[in-house]
Amino acid sequence: MKKIFVFTLFIFAFVNTQAQKRVTGCGYIIPPKSMVANFQSVYEAKEIVDEMLQKINWNENFRLQERNGIQNAYATIINNMRWIVYDNDFLEDVDSYTHTKWSSISIMAHEMGHHYYNHVVSRTGSTPPKELEADAFSGYLMALMGASKDEAVAAIKAIASERASSTHPGKSDRVTAISNGWDKGAVAGNKPTPPTKPTTPVPTSPAPNPNTGGSGQTDPNTDPSWIFLTLQGNNNQTIQLSDDGKTFQDVTLEAGKPFVFKFEIYNYGWLRMKYYNGYRTYKLYHGTDYSILWNRRTNNWTLVAIKD
């Protein structure tokens with residue numbers, strides 16, 4: 001089994017409580033659970049990251065993946081590919097607790113910094129110097145994005161550990177690093193300093209496209225995360241697939257022949273097909289296979305998840 005090294009900014013378990021803030025055994029402050037959804041979708045996250053990339057004229061070397069339930073955000077390499085994995089609920093909770101949307105943006109910028117400086121390539125895990133460099137990168141980007149210094153440090157001030165550890169600096173050092181990065185961004189407005197000793201970046205493969213099936217880095221026959229979609233009928237049918245539930249692309253399914261694919265970046269997407277005089281939309285997940293069957297009771301095609 002391949003080892004996965006991650007660079008974590010925060011690791012918490014959020015609780016739904018109105019009590020005063022508590023501290024975990026690791027020194028992390030646990031904010032109350034947010035009941036308001038502010039970070040609207042994975043595609044909002046993608047748009048924000050794209051805007052940050054444009055500010056420093058840098059082409060991303062990573063992909064984004066939303067994975068709710070992990071209560072974290074981290075940069076990592078999985079199967080020789082770079083990722084920023086984040087919990088959408090986690091970001092919403094931090095924004096709610098700090099009363100600013102800049103908190104979630106600063107967290108994403110921090111994880112971008114790990115990829116920008118090739119921290120993940122060394123595969124040595126988190127260290128205080130790496131975290132401080134990513135913090136400074138975050139502050140720099142926040143200045144370019146128009147955040148105030150207080151907004152840039154809001155997340156760290158609210159929920160970072162007061163004490164340093166073998167992997168992460170203490171809160172005061174992190175606030176200083178972000179503030180220094182913000183100062184440079186407010187003055188320079190240019191691309192941040194590249195790594196002094198750049199290492200060979202991990203190659204990224206093109207993301208599979210949902211309307212073509214794409215070509216991923218794993219074998220669909222052995223990797224259960226691929227979706228096998230099968231049309232149970234005698235004639236070919238045209239359906240529509242989408243990453244975001246807004247823009248759909250036509251896909252022709254051959255009767256009895258599996259259509260094998262993954263959605264780009266995220267582990268789910270949408271399928272739409274004709275239903276009466278309109279369309280019916282289904283949410284598909286990686287790691288699940290589906291069949292399209294004829295429903296004689298409604299005289300329409302329907303989607304069924306294949307169960308073990």
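Strands β5 (residues 72-78) and β6 (residues 81-86) pair in the antiparallel sense over 6 bridges. The structure is a predicted model. The hairpin formed by the two strands has 2 residues between them, and Asn79 adopts a positive phi near 50 degrees.

Burial of β5 extends to 7 of its 7 residues. In a regular strand, side chains alternate between the two faces of the sheet. In β5, Asn72, Tyr74, Thr76 and Ile78 lie on one side and Ala73, Ala75 and Ile77 on the other, and both faces are covered.

Asn300 lies in strand β14 (residues 300-305). Its relative accessibility is 8%, and Asn300 therefore counts as buried, the cut-off being under 20%. The side chain of Asn300 makes polar contacts with the backbone: one of its polar atoms lies 3.0 Å from the backbone nitrogen of Tyr276, and the side chain also reaches the backbone oxygen of Thr298 at 2.8 Å. Beyond residues up to four places away in sequence, Asn300 touches Lys274, Tyr275 and Tyr276, together with Leu293, Trp294 and Asn295.

Helix α4 covers residues 128-145. Its 18 residues should span 26 Å at 1.5 Å a residue, so the distance of 25 Å between the end C-alpha atoms agrees with expectation. The helix is mostly covered, with 13 of its 18 residues buried. Gly146 follows α4 and has a positive phi, near 105 degrees.

Definitions and conventions. Residues numbered from 1 in each chain as written. Predicted model: local features only at pLDDT ≥ 70, side-chain atom pairs only at ≥ 80, totals over all residues. Heavy atoms only, no water. Helix = DSSP H or I, 4+ residues; strand = E, 2+ residues; numbered from the N terminus. Expected span 1.5 Å × (residues − 1). Buried < 20%, exposed > 50% of the residue type's maximum accessible area, 1.4 Å probe, protein only. Polar contact = N/O pair within 3.5 Å; in protein donor to acceptor, adjacent residues only side chain to side chain. Contact = heavy atoms within 4.5 Å. Pairing = 2+ DSSP bridges.
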